[in-house]
Amino acid sequence: MLAAGAMAAVSPPAHAAAPAVQITKIYYNSPGSPDNGQNSSLNGEYVQVKNMTRKAVSLRGWTMRDMTRRSDHVYTFGAFTLKPGKTVTLRTGKGKNTATILYWGRSGGGTFAYIWNQASDAGYLHNASGKLVDSCSYNSSRVEYKIC
């Protein structure tokens, strides 16, 4: 029992550790959109993922998706290693993959080729086991992107 006026030591609440790999930005309102889904406009729409650790992380089998449940709105990373402290930009359209830019490969379908809704949506990053690693949502048509 505590004496009058004595205070019990209270530990601060435990906080979940930040994910090792995080979604850092979703650019959902690409310049020129809505249009007919031209590749330059599709590639103006992207999500960025950053490795927050000091070790390289293999993203093979990891997935990125938005809120829809459509299978064509799921991107599966191939053989790709995200270097320590580095960011990869996943663009919606087509292009040549590099160490810092990947392409979803979407085209055609007019406005249906876009992944990210212009007013409200969310990105979900899952590891190869299907576990949710990170997510980022937005709800605004006043800006073009969300810093997560």
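D72 forms a salt bridge with R106, with 3.6 Å between the closest N and O atoms. This pair joins distant parts of the chain, 34 residues apart. The model is a predicted one. Two salt bridges are counted in it, and R70, D72 and R106 are linked in a network of them.

**Salt-bridge network**
- D72 lies in the loop between β4 (63-65) and β5 (74-76).
- R106 lies in the loop between β8 (101-103) and β9 (120-126).
- D72 also meets R70, side chain to side chain, in a salt bridge of 2.7 Å, N to O.

**Exposure of the network residues**
- R106 is buried, because its relative accessible area is 11% and the cut-off for buried is under 20%.
- D72 is partly exposed, with a relative accessible area of 34%.
- R70 is partly exposed as well, at a relative accessible area of 39%.

**Surroundings of N29**
- N29 sits in the loop between β1 (21-27) and α1 (39-42).
- N29 has a relative accessible area of 17%, so this residue counts as buried.
- Its side chain makes a polar contact with the side chain of Q118, at 3.1 Å.
- Setting aside neighbours within four places in sequence, N29 is in contact with Q118, V143 and E144.

Key. Residues are numbered from 1 along each chain as its sequence is written. This is a predicted model: local features need pLDDT of at least 70, side-chain atom pairs count only at pLDDT 80 or more; totals for chains, interfaces and linings use all residues. Side-chain values use heavy atoms; hydrogens and water are left out. Helices (H or I, at least four residues) and strands (E, at least two) are DSSP runs, numbered from the N terminus. Buried means under 20% relative accessible area, exposed over 50%, partly exposed in between (1.4 Å probe, protein chains only). A polar contact is a pair of N or O atoms within 3.5 Å; within protein, one must be able to donate a hydrogen and the other to accept it, and residues adjacent in sequence count only if both atoms are side-chain atoms. Contact means heavy atoms within 4.5 Å. A salt bridge is a side-chain nitrogen of Lys or Arg within 4 Å of a carboxyl oxygen of Asp or Glu.
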